[in-house]
Amino acid sequence: PSEISKPEFKRMTGRLPAQLWSKIKTSAKSYKVTPSVVLCRLYADVLAAFSSESHFTLNLTLFNRYPVHPEVDQIVGDFTSLLLLELNRQPGDSFQQRAEHLQAQLISDLEHRDVSGVKVIRALSQGAQHATMPVVFTSALPIQSHEDSDQDSAYWIGDMVYAITQTPQVWLDHQVFEEQGDLVYTWDYVADLFPENLIETMFSAYTEHLNQLTDAEHWYETLQVTEQQFDGISLAVTDDTAPVAAVVDVSVPAVLLEEMTALWADTLGLEHIPVDESFFKLGGDSLIATRVLGKVKQAHSVAISLADFFAKGTTVQSLAELVVLATTSDQALVPSYPQIIPEPNLRFEPFPLNDIQRAYWLGRQGTYALGNVPCHFYSETTANGVDIGKLTRTWRQMIERHEMLRAVILPTGEQQILAEVPE
């Protein structure tokens with residue numbers, strides 16, 4: 001890596017049609033694992049098969065909004081954080097078992113997300129060896145439910161025909177998202193870092209294995225990714241009942257239970273929600289859970305952390321109990337984050353970068369290996385009948401409304417909001 005003065009990123013892209021992707025999501029739901037975990041597990045299996053390590057760390061992108069202000073959910077800004085996720089592939093485990101183990105590990109790791117991956121890497125680097133975690137998994141599943149895909153507002157202009165991301169000190173970034181019901185998966189990688197055709201071969205293995213998982217039969221069997229080919233399949237059925245934390249005996253009013261049930265039904269797009277059914281088995285994931293907890297906060301003025309939600313048991317009943325405890329107990333379920341006191345008269349003064357902004361800022365300076373490159377996302381979209389003048393005016397109005405959209409990074413390592421929208 002140190003021999004590459006200016007990294008050049010390339011992208012591999014695949015698409016799984018909505019009909020096949022729906023089959024994987026249905027299977028994932030039956031085993032109480034999220035679609036994101038399924039794809040992360042497959043990614044890890046491919047990495048393990050083409051490397052000398054089966055025990056390693058992935059860098060996961062998170063989007064944390066801490067309750068530091070009553071209007072934090074209405075703020076436009078950079079809430080990106082990193083989570084270091086431990087991966088350990090045990091010989092003989094079925095794919096189902098590996099996915100279940102990974103989800104349990106992810107839930108455990110999320111309890112420590114207040115200490116970002118940037119801080120952990122920084123602490124590790126204070127030792128004898130410089131620590132890097134250059135392999136990334138970024139999930140944007142689901143931005144919206146499949147049922148709403150025909151009204152996907154992200155594609156009102158037209159079809160995206162090209163896109164790529166680049167990030168300093170990142171070797172490989174796997175991103176997954178839905179586009180009009182289809183699963184779109186991409187690998188952005190530093191082209192000069194890997195042997196010729198290696199990424200293409202790994203990506204083909206990922207695609208082949210992903211298509212195998214569309215057959216429900218394979219979820220009862222052992223699926224193995226190998227460097228040469230997929231191994232033969234042997235039967236490996238496991239108990240899909242996940243252990244849950246002990247539940248405190250809390251009296252929940254019937255009206256609150258009905259409210260929580262309706263909230264889940266609306267968010268998950270389901271008609272019937274059993275009060276004792278796992279959130280994950282019903283099709284939820286950490287992003288949807290965050291959305292649910294945000295609605296609870298708006299309705300009851302309580303902030304329930306994702307870690308408390310996971311630890312309590314992830315059912316309608318357990319969520320209602322957390323609401324009761326949060327509204328009646330003096331013991332703080334709400335994390336003790338420092339509250340931000342607005343000072344509007346100082347909003348155009350320089351202020352510090354957050355951890356990940358500072359990491360990106362240092363990375364683009366070329367001080368470290370695979371630096372000398374800015375962090376950005378670039379895309380090209382076909383468009384017909386777009387009024388460029390109207391689009392420009394609308395874009396300027398949005399920048400005027402959301403001040404962080406006109407923030408700039410200063411040479412001093414600080415950021416500053418421009419008082420006016422630049423021409």
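Helix H9 buries Val316, Ser318, Leu319, Ala320, Glu321, Leu322, Val323 and Val324, where buried means under 20% relative accessible area with a 1.4 Å probe, protein chains only. The model is predicted, so local features need pLDDT of at least 70 and side-chain atom pairs count only at pLDDT 80 or more, while totals for chains, interfaces and linings use all residues. Residues are numbered from 1 along each chain as its sequence is written, and side-chain values use heavy atoms, leaving out hydrogens and water.

**Helix H9**
- H9 spans residues 316-328, 13 residues in all, helices being DSSP runs (H or I) of at least four residues and strands (E) of at least two, numbered from the N terminus.
- From first to last C-alpha H9 reaches 18 Å, close to the 18 Å expected at 1.5 Å a residue (1.5 Å times one less than the number of residues).

**Sheet**
- An open sheet of six strands runs in the order E1-E7-E6-E4-E2-E3, with mixed pairing; two strands pair if DSSP finds at least two bridges between them.
- E1 (9-16) and E3 (80-88) are the edge strands, each pairing on one side only.
- E2 (residues 55-63) pairs with E4 (residues 135-139) in the parallel sense over two bridges.
- Leucine 60 has phenylalanine 137 in E4 as its bridge partner.

**Helices H2 and H3**
- The axes of H2 (residues 35-49) and H3 (residues 95-110) come within 9 Å and cross at roughly 110° (axes are lines fitted to C-alpha atoms over the stretch in contact, with angles from 0 to 180 degrees between N-to-C directions).
- H2 is therefore roughly perpendicular to H3 (65 to 115 degrees).
- Contacts (heavy atoms within 4.5 Å) join residues including Val37 and Leu42 in H2 to residues including Phe95 and Leu102 in H3.

Technical notes. Buried means under 20% relative accessible area, exposed over 50%, partly exposed in between (1.4 Å probe, protein chains only). Angles under 35 degrees count as roughly parallel, over 145 as roughly antiparallel, 65 to 115 as roughly perpendicular and the rest as oblique.
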